[in-house]
Amino acid sequence: GAEMTAYSAGTVAVVTNATAARFFDYVGSSFQPRGFLQEQLTYDSGIGRYTLTDTTGQKFVFFDFDTSLPAAQRGSLEGRTDRAGNSTSVTSWTTAGRRTSSSCTTR
């Protein structure tokens, strides 16, 4: 599944499939994609979530890296919404932060 990694100070890597990692650097007050990537990454500190919007309009929501979360949950995918509004989200976690179930909503 998709995961996010705190790569270095101010840099995160987002992996959404087995062959692609997208790197983003925090510059000023926003994340900037490396290279010629068109994806956008935002962070909402109020809820502790990162949102990656890809070039097809899909949105991937990830937990942040707050130490109050179990280690396995940090940077994990919370949910995905496609451009048509269909969504998949994790609905329960173990105490160690591992996914145990998810749900899908179609429009």
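Reply: We take the aromatic rings, then the strands. This is a predicted model, where local features need pLDDT of at least 70, side-chain atom pairs count only at pLDDT 80 or more, and totals for chains, interfaces and linings use all residues. Residues are numbered from 1 along each chain as its sequence is written, and side-chain values use heavy atoms, with hydrogens and water left out.

Me: How is a pair of aromatic rings described?

Reply: By the distance of the centres and the angle of the planes. Rings of Phe, Tyr and Trp (its six-membered ring) pair if their centres lie within 6.5 Å; planes under 30 degrees apart count as stacked, over 60 as edge-to-face, the rest as tilted. That rule gives four aromatic pairs here.

Me: Why is the pair of phenylalanine 31 and tyrosine 50 edge-to-face?

Reply: Their ring centres are 5.8 Å apart and their planes stand at 65°, so the pair is edge-to-face. Phenylalanine 31 sits in strand β4 (residues 30-33) and tyrosine 50 in strand β6 (residues 49-53), 19 residues apart. Strands are DSSP runs (E, at least two residues), numbered from the N terminus.

Me: Is phenylalanine 31 buried or exposed?

Reply: Buried means under 20% relative accessible area, exposed over 50%, partly exposed in between (1.4 Å probe, protein chains only). Phenylalanine 31 has 12% relative accessibility, so it counts as buried. Tyrosine 50, at 9%, is buried too.

Me: Which strands pair with β2?

Reply: Two strands pair if DSSP finds at least two bridges between them. β1 (residues 3-8) pairs with β2 antiparallel over five bridges. Six bridges join β2 to β3 (residues 20-27), also antiparallel. Valine 12 in β2 stands opposite alanine 6, and its bridge partner in β3 is phenylalanine 24.

How values were computed: Helices (H or I, at least four residues) and strands (E, at least two) are DSSP runs, numbered from the N terminus.
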